[in-house]
Amino acid sequence: MSYVFPPAANSSLPVAGTEQRFPVRRVFCVGRNYAEHAREMGAADQAEGLEPPFFFMKPGDAVVSGEGEVAVNYPPLTSNLHHEIELVVALGSGGANVTVDAAKAMIFGYAVGLDLTRRDLQARAKEKGHPWDMGKGFDQSAVSGVVQPAAQIGHPAAGRIWLSVNGQIRQEGDLDQMMWKVADVIANLSTFVRLEAGDLIYTGTPAGVGPIVPGDRLEAGVDGVAGLRVRIV
């Protein structure tokens with residue numbers, strides 16, 4: 001097979017304890033999966049568990065990662081870039097209409113991720129009933145640390161999730177506060193699309209999202225998984 005031009009290389013994530021890398025296929029994100037975050041975003045019904053999870057996507061090539069401090073460019077056309085710390089699930093196999101009981105077997109590993117949001121663009125899109133794509137799916141909007149294989153760390157269901165900006169804690173919660181647990185998220189998402197190996201799922205963020213600017217240094221972590229360091233440039 002020949003191409004008009006060489007196809008772009010896949011984004012990939014480092015895998016802890018190995019020289020191998022995890023190839024990224026697609027990026028799915030769960031919206032408002034922590035009640036307090038849903039409340040701070042004005043989504044009372046979501047906070048009370050009266051609505052099912054909803055999903056949005058980022059392009060696979062929006063992923064930026066690395067070991068050590070990850071440099072992330074401040075995106076254009078925004079004056080209100082927000083941080084959202086999340087547990088990331090990396091799938092090693094796929095399926096459609098997966099049961100909750102079968103979901104864990106699909107998981108290759110976990111990482112600490114940062115869902116960056118151009119909040120002003122997102123807000124304008126919401127007001128007009130437009131898609132969120134340009135508020136959520138821009139270049140380098142999906143930051144991820146090293147993937148920790150589930151074979152090594154198990155499947156974390158509880159533990160502190162946190163983020164600081166320039167040494168000041170901004171977000172703090174616990175994985176057990178997720179309204180939709182990881183296996184439930186996978187099972188529900190697999191009714192919409194057939195999931196595949198290489199898919200990443202950002203599982204939602206606790207309360208405390210807020211603005212960041214060039215020069216800010218972010219540190220974050222999920223107990224039992226890993227940490228993440230980011231510099232906005």
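Helices (H or I, at least four residues) and strands (E, at least two) are DSSP runs, numbered from the N terminus. With elements assigned in that way, helix α4 is followed by Gly129, whose phi is positive, near 70°. The model is predicted, so local features need pLDDT of at least 70 and side-chain atom pairs count only at pLDDT 80 or more, whereas totals for chains, interfaces and linings use all residues. Residues are numbered from 1 along each chain as its sequence is written, and side-chain values use heavy atoms, with hydrogens and water left out.

**Nonpolar cores**

- A nonpolar core is taken here as a set of buried Ala, Val, Leu, Ile, Met, Phe, Trp, Tyr and Cys residues joined through side-chain atoms within 4.5 Å, where buried means under 20% relative accessible area, exposed means over 50%, and partly exposed lies in between (1.4 Å probe, protein chains only).
- The largest such core has 42 residues, and the members that touch the most others are Val143, Ile186, Ile201 and Val230.
- At least two residues of this core come from each of several elements, including β3 (27-31), β8 (85-91), β13 (160-165) and β17 (217-222), while α7 provides the largest share, five residues.

**Salt bridges**

- The structure holds ten salt bridges, each defined by a side-chain nitrogen of Lys or Arg within 4 Å of a carboxyl oxygen of Asp or Glu.
- Arg231 and Glu69 form one of these bridges, with their closest N and O atoms 3.0 Å apart, and the pair links distant parts of the chain, since Arg231 lies in strand β18 and Glu69 in strand β6, 162 residues apart.
- Both partners count as partly exposed, Arg231 because its relative accessibility is 29% and Glu69 because its relative accessibility is 30%.
- Lys136 forms a salt bridge with Asp115, in which the closest N and O atoms are 2.9 Å apart; this pair also links distant parts of the chain, with Lys136 in helix α5 (residues 133-136) and Asp115 in strand β9, 21 residues apart.
- Here Lys136 counts as buried because its relative accessibility is 3%, and Asp115 counts as buried because its relative accessibility is 0%.
- Lys136 and Asp115 also belong to a network of salt bridges that links them with Lys58, Glu84 and Arg119.
- The side chains of Glu196 and Arg194 meet in a further salt bridge (3.1 Å, N to O), with Glu196 partly exposed at a relative accessible area of 24% and Arg194 partly exposed at 48% relative accessibility.

**Helix α4 and the three-stranded sheet**

- Within helix α4 (residues 119-128), the residues Arg119, Asp120, Leu121, Gln122 and Ala125 are buried, and the buried residues of this helix pack against β7 (81-83), β10 (117-118) and α5.
- Strands β10, β7 and β16 form, in that order, an open sheet with antiparallel pairing, where two strands pair if DSSP finds at least two bridges between them.
- Strands β10 and β16 (210-212) stand at the edges with a single partner strand each, so one side of each is left without a neighbour in the sheet.
- Three bridges join β7 to β16 in antiparallel fashion, and the bridge partner of His83 in β16 is Gly210.

Technical notes
Contact = heavy atoms within 4.5 Å.
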